[in-house]
Amino acid sequence: MKFDRPETTNPIDNLTVVGRPTRRIDGELKTTGRANYAYEHWDLGFDVAYGYPVAAGIAKGRILSIDSESARQAPGVLAVVTTLDVGEHEKGDHNTATLFGGDVVQHYHQAIALVVAETFEQARAAASLIDVSYEREEGSFDLAEAIKTAEKPSEDEKSDTAFGDFDDAYARASVTLDADYSTPDQSHAAMEPHASMAVWDGDELKIWTSSQMIDWWRTDLATFLGMDKDKIRLMSPFIGGGFGGKLFLRADAVLAALGAKAARCAVKVSLPRPLIMNNTTHRPATIQRIRIGADTDGKIEAIAHQSWSGNLPEGSLETAVNQTRLLYAGENRMTAMRLASLDLPEGNAMRAPGEAPGLMALEIAMDEMAEKLGIDPIDFRVINDTQVDPENPDRPFSKRDLIGCLRLGAERFGWSDRGQPGARRDGNWLVGTGVAAAYRDNLLVDSGARVRLESDGRITVETDMTDIGTGSYTIIAQTAAEMMGVTVEDVDVRLGDSSFPVSAGSGGQFGANCSTAGVYAACVELREAVIQKLGLNAQDVRFEGGQVRSGNHAIPLSDAAGPDGLVGEDTIEWGDLSKTHQQSTFGAHFVEVGVDVVTGECRIRRMLAVCAAGRILNPITARSQVIGAMTMGIGAALSEELFVDTKKGFFVNHDLAGYEVPVHADIPSQEVIFLDETDPMSSPMKAKGVGELGLCGVSAAIANAIYNATGARVRDYPVTLDKLI
Ligand code: MOS
């Protein structure tokens with residue numbers, strides 16, 4: 001089904017199941033430990049050996065030799081695979097850094113060997129016996145240094161934009177701001193480590209892994225192994241968090257496949273926690289400069305946002321200026337991004353890549369500017385709202401209610417109680433409130449599904465869509481139930497298997513809207529098949545209460561199915577609506593903090609997010625997405641930072657003891673309000689993404705609240721107490 005004009009009404013609008021608070025249909029499996037994650041398939045009926053990875057101890061250079069003799073002789077060892085044995089392998093489409101193979105070390109903790117043994121302990125013990133000699137090379141590890149030679153990336157990347165005459169307008173503006181901001185490298189730090197289990201049957205490979213994008217992984221694994229992708233079955237039915245760290249094929253999958261081949265048995269490999277942060281990808285650090293010029297009424301006349309980030313050669317930019325192209329009006333504007341060459345691990349997408357670090361800077365700048373103008377920060381944002389793409393005024397937003405989010409949030413949060421910086425005190429705590437706008441693109445990715453009406457009248461949905469903890473199982477069941485006129489309990493959802501139709505996958509907050517739209521399309525086909533089989537008049541058919549109703553007829557779905565059942569399969573494809581209309585999601589974050597007047601310790605006291613993100617398919621799972629994202633924003637604001645050893649070239653704090661993410665005790669009252677909104681341009685579901693929106697802007701709202709509490713303006717994240725006192 002091609003979606004190329006705004007949707008009028010369709011069966012989803014009945015909202016008998018969709019849009020209702022619905023508990024996770026996979027919740028019981030998860031809470032009772034019966035949801036098997038990649039490392040946990042105990043019930044397959046064959047023995048599984050354990051692979052333990054060995055990772056490079058240098059950041060850049062060559063491997064001269066790997067002595068694996070004593071490892072091979074160690075108790076229980078079945079096989080050793082080294083990067084020198086397998087030689088160079090072709091990379092798939094999505095990875096920059098080498099996952100495995102060859103003698104070149106591109107980054108610290110790159111995988112260089114795998115030991116397979118009968119037990120985990122034997123594999124780990126033998127892995128410690130492997131002796132590697134290297135030829136170390138100098139590398140570039142310091143972003144602040146490397147940006148001096150940063151370059152404009154290749155032409156096809158939209159790294160620079162310019163409209164009007166920024167320099168002139170900025171020079172003429174009555175009130176100006178010119179400030180630098182920085183955000184550190186961050187790690188996804190998903191609860192479930194990267195893990196895979198592989199088994200060969202002749203030349204066919206079965207692999208269970210932890211992947212956000214089944215088809216990307218399967219395709220890239222086939223490329224790496226030099227085999228036909230049809231001979232790989234890749235499965236990720238349950239995933240313990242991804243955040244972008246599991247978008248692209250990872251070393252554990254490659255190692256499990258190679259280890260299983262070498263050991264001639266099933267092999268599972270989990271990346272040990274201390275390897276994850278250097279072996280996988282991370283959100284790249286940024287250095288950003290923002291200039292804003294406004295007239296005395298607060299109207300922005302000139303706005304410029306520049307960002308520098310680093311990556312391995314051929315790596316990509318952190319697109320931190322993206323939201324600045326779309327969020328506020330201003331006739332004279334420019335954005336530019338430059339990429340420095342670094343020899344750190346590969347930088348890549350982490351939850352709301354671009355907007356998350358970009359808003360960390362922009363929304364502090366807006367707060368600073370409002371203060372200079374003597375205008376309330378909410379009013380300043382409202383004054384500069386735009387209903388069209390500021391870089392292309394012929395292109396309206398499909399839906400944009402940033403003002404509604406700000407105004408409603410202000411009222412509910414008690415914004416009017418806010419005082420001057422340093423004015424409010426509660427015992428030892430200086431108390432402050434802050435606000436930030438939230439903005440994230442609504443991306444559209446084709447998505448397929450197969451829906452079957454079983455002979456007993458139940459519905460089965462199959463799609464390779466993943467559920468990374470987001471609630472995909474549940475919203476997909478709701479969609480099929482709404483379309484087929486049954487209850488959620490009547491629907492079986494099967495996800496994360498490459499033998500099912502290719503879906504959008506989980507990424508870029510597009511998963512919910514796109515995958516349910518794919519299920520919608522498949523259900524349209526299935527409804528058609530039912531109508532045809534029953535010879536009904538399509539015009540007056542209703543699917544309700546487990547029946548097909550038409551005129552005086554009310555036929556149970558089980559009768560319609562017949563003994564063999566009926567199948568509908570389709571893929572939603574997207575037309576030009578996202579080109580003619582800018583599709584984005586909006587919100588406002590409000591935060592109250594307390595800062596200890598003696599120690600500078602900062603505590604979050606209250607948070608509120610107001611989101612305008614199209615139809616909310618399930619208020620329970622959507623709320624969970626947003627409060628999880630707000631929690632991530634606390635980490636980004638206050639504690640999360642990968643410390644770079646700029647001499648040796650690696651992230652020093654590479655485990656959860658040193659890389660500090662928020663824990664429950666850090667999380668106070670969190671409220672989420674969804675504006676009642678539908679967006680007929682976004683999909684037949686009229687929904688949009690929301691999972692990343694919840695993060696966008698949070699950290700700046702916290703930094704702004706800290707400023708309001710203390711009068712200390714910190715532009716360098718995380719805002720730790722050493723920067724406050
Ligand atoms: Mo998201 S960073 O696209 O998983």
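This is a predicted model: local features need pLDDT of at least 70, side-chain atom pairs count only at pLDDT 80 or more; totals for chains, interfaces and linings use all residues.
**View 1. Helices α7 and α8 are oblique to each other, because their axes cross at roughly 50°.** Residues are numbered from 1 along each chain as its sequence is written. Look for α7 at residues 214–225 and α8 at residues 251–263; their axes come within 11 Å. Axes are lines fitted to C-alpha atoms over the stretch in contact, with angles from 0 to 180 degrees between N-to-C directions. Helices are DSSP runs (H or I, at least four residues), numbered from the N terminus.

**View 2. Here's where α7 and α8 touch.** On the α7 side you'll find W217, L221, F224 and L225, and on the α8 side A253, V254 and A257. Being in contact takes C-beta atoms, placed from the backbone, within 7 Å. The contact residues split into seven nonpolar, no polar and no charged. Nonpolar takes in Ala, Val, Leu, Ile, Met, Phe, Trp, Tyr, Cys and Pro; Asp, Glu, Lys and Arg are charged, and the others, Gly among them, polar.

**View 3. Step back, and the protein chain shows 18 helices and 32 strands.** Strands are DSSP runs too (E, at least two residues). The C-alpha atoms fill a box of roughly 80 × 75 × 55 Å along the principal axes. Of contacts between residues at least 6 apart in sequence, 82% join residues at least 24 apart.

Notes:
Angles under 35 degrees count as roughly parallel, over 145 as roughly antiparallel, 65 to 115 as roughly perpendicular and the rest as oblique. Two residues are in contact if their C-beta atoms, placed from the backbone, lie within 7 Å.
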